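Here's a quick tour of this model, with an eye on its charged side chains. Have the structure open while you read.

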Amino acid sequence: MSGEEEENAAELKIGDEFLKAKCLMNCEVALILEHKYEQLQQMSEDPMNQMSQVFEKSLQYVKRFSRYKNPDSVRQVREILSRYQLAEFELCVLGNLCPETVEEAIAMVPSIKNRGRALDDEAIEKMLNDLSLVKKFE
């Protein structure tokens, strides 16, 4: 991104390093940190000795704000969102915030309407319905 060009998430102008980066939804981070927590428990009789406060707080945060708890549901959410050729940033915002309407989705991630692939309202509605089914049957 050139020095003169201003970053704008609504237009997905977030810099090349962010466009190419792999993003994780809160529910994915929760699975990773829970796995690490289990490993620490197995390695020590008192796992709290080996966990930093940052680790504990991070785990609490992602567990609290994870919309999906079941590992299969987490996988399904990423698969559903991946079908729509979303940028990683867009995928994670939608997966974390779980908008219920097309209007909410566009308000949260305006770039889904502004980019070259511009999803129409029907495609966004189908995506949101698929996500709500995963949540409903979790």
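## Salt bridges and charge

Let's start with Asp72, which makes a salt bridge to Arg75, with 3.9 Å between the closest N and O atoms. Keep in mind that we're looking at a predicted model. What separates these two along the chain? Asp72 and Arg75 sit three residues apart in helix α4, so about one helical turn lies between them. Asp72 is partly exposed at 46% relative accessible area, and Arg75 is partly exposed too, at 42%.

Now for a pair that reaches across the sequence. Arg83 forms a salt bridge with Asp130, and here the closest N and O atoms are 3.8 Å apart. Arg83 belongs to the loop between α4 and α5 (88-97), while Asp130 is in helix α8 (residues 121-136), so this contact ties together parts that are 47 residues apart in sequence.

Over at Lys135, the partner is Glu138, and the closest N and O atoms are 3.4 Å apart. Lys135 has a relative accessible area of 40% and counts as partly exposed; Glu138, at 33%, is partly exposed as well. Elsewhere, salt bridges with shared partners link Lys22, Glu28, Arg78 and Glu88 into one network. The count for the model comes to ten salt bridges.

| Salt bridge | Closest N and O atoms |
|---|---|
| Asp72 and Arg75 | 3.9 Å |
| Arg83 and Asp130 | 3.8 Å |
| Lys135 and Glu138 | 3.4 Å |

As for the overall build, the protein chain has eight helices and zero strands. Of its 138 residues, 36% count as buried.

How far can you trust the coordinates? The protein chain averages a pLDDT of 86, and 87% of the residues score at least 70.

Definitions and conventions: Residues numbered from 1 in each chain as written. Predicted model: local features only at pLDDT ≥ 70, side-chain atom pairs only at ≥ 80, totals over all residues. Heavy atoms only, no water. pLDDT = per-residue confidence, 0-100. Helix = DSSP H or I, 4+ residues; strand = E, 2+ residues; numbered from the N terminus. Buried < 20%, exposed > 50% of the residue type's maximum accessible area, 1.4 Å probe, protein only. Salt bridge = Lys/Arg side-chain N within 4 Å of Asp/Glu carboxyl O.
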